[in-house]
Amino acid sequence: MAGLKGWRELPLGGVVLGGTARELNKTGSWRAERPIWYVEKCIHCLQCWLHCPDNSILVQGGKMTGIDYEHCKGCGVCAAICPKDAIAMVPERSGECARP
Ligand code: SF4
Ligand code: SF4
């Protein structure tokens with residue numbers, strides 16, 4: 001272990017705080033799948049909003065209003081957590097968008 005630096009001598013690493021994508025960058029460009037929202041099935045329980053890691057579920061007045069595709073990374077958590085199957089993941093190239 002001779003020659004290795006001690007931890008106090010190592011350069012400081014960077015820190016990226018969680019939930020900052022909206023302020024920093026559009027991060028939806030590398031998505032392979034996109035979530036599609038079926039408003040007619042939605043009961044506005046906001047479970048998707050609560051679990052989305054990218055703050056990409058749009059809500060107004062306590063109701064879901066859509067999906068922010070500029071920041072959604074297509075992880076599928078919202079579709080998996082939705083109790084009413086009101087969100088489905090489709091290939092990004094399909095060109096479908098959140099409804100309405
Ligand atoms: S989890 Fe499903 S039902 Fe609940 S607000 Fe989201 S889309 Fe609507
Ligand atoms: S696919 Fe992932 S990032 Fe996109 S809205 Fe759903 S939970 Fe959020």
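## A first walk through the model

Analyst: Let's start with a charge and a ring: lysine 41 sits over the face of tyrosine 38, 5.6 Å from the ring centre. Keep in mind that this is a predicted model.

User: Which ring does the charged end of arginine 34 sit over, and how far from its centre?

Analyst: This is another charge placed over a ring, counted when the charged atom is within 6 Å of the ring centre and within 35 degrees of the ring normal. For arginine 34, the ring belongs to tyrosine 69, and the distance to its centre is 4.3 Å.

User: How many aromatic pairs does the structure hold?

Analyst: Here the ring centres would have to lie within 6.5 Å of each other. The count of such aromatic pairs in the structure is zero.

User: What share of the contacts with a separation of 6 or more comes from residues 24 or more positions apart?

Analyst: The protein has 100 residues, and 32% of them count as buried. Among its contacts with a separation of 6 or more, the share from residues 24 or more positions apart is 67%.

User: Which residues come nearest to ligand 1?

Analyst: There are 13 residues around ligand 1. That shell has eleven nonpolar residues, two polar and no charged ones. Coming nearest are Cys42, Cys45, Leu46, Cys48 and Cys82.

User: And which are closest to ligand 2?

Analyst: Ligand 2 is surrounded by 13 residues. Its shell splits into eight nonpolar, three polar and two charged. The closest are Cys52, Cys72, Cys75, Gly76 and Cys78.

User: Is cysteine 42 buried or exposed?

Analyst: Cysteine 42 is in the loop between β1 (33-37) and α2 (47-51). Leaving aside neighbours within four places in sequence, it is in contact with Trp37, Met64 and Ala86. Its relative accessibility is 16%, so cysteine 42 counts as buried.

User: How far apart are the C-alpha atoms of cysteine 42 and isoleucine 87?

Analyst: Along the chain, cysteine 42 and isoleucine 87 are 45 residues apart.

User: What is phi of leucine 46?

Analyst: Most residues other than glycine have a negative phi. Leucine 46 is found in the loop between β1 and α2, and it is buried because its relative accessible area is 17%. It has a positive phi although it is not a glycine, at about 65°.

User: Is histidine 44 buried, partly exposed or exposed?

Analyst: Histidine 44 is also in the loop between β1 and α2, with a positive phi near 55°. Its relative accessible area is 22%, so histidine 44 is partly exposed.

User: Which residues does aspartate 54 touch, not counting those up to four places away in sequence?

Analyst: Aspartate 54 lies in the loop between α2 and β2 (57-60). At 15% relative accessibility, it counts as buried. The residues it touches are His71 and Lys73.

User: What separates the C-alpha atoms of valine 90 and arginine 34?

Analyst: Valine 90 belongs to strand β4 (residues 87-91) and counts as buried, at 10% relative accessibility. Valine 90 and arginine 34 are 56 residues apart along the chain, and the separation of their C-alpha atoms is 5.5 Å.

Key
Residues are numbered from 1 along each chain as its sequence is written. Chains are lettered from A and ligands numbered from 1 in the order in which they are written. This is a predicted model: local features need pLDDT of at least 70, side-chain atom pairs count only at pLDDT 80 or more; totals for chains, interfaces and linings use all residues. Side-chain values use heavy atoms; hydrogens and water are left out. A residue is near a molecule or strand if one of its heavy atoms lies within 4 Å of it. Ala, Val, Leu, Ile, Met, Phe, Trp, Tyr, Cys and Pro count as nonpolar, Asp, Glu, Lys and Arg as charged, and the others, Gly among them, as polar. Buried means under 20% relative accessible area, exposed over 50%, partly exposed in between (1.4 Å probe, protein chains only). Contact means heavy atoms within 4.5 Å. Rings of Phe, Tyr and Trp (its six-membered ring) pair if their centres lie within 6.5 Å; planes under 30 degrees apart count as stacked, over 60 as edge-to-face and the rest as tilted. Helices (H or I, at least four residues) and strands (E, at least two) are DSSP runs, numbered from the N terminus.
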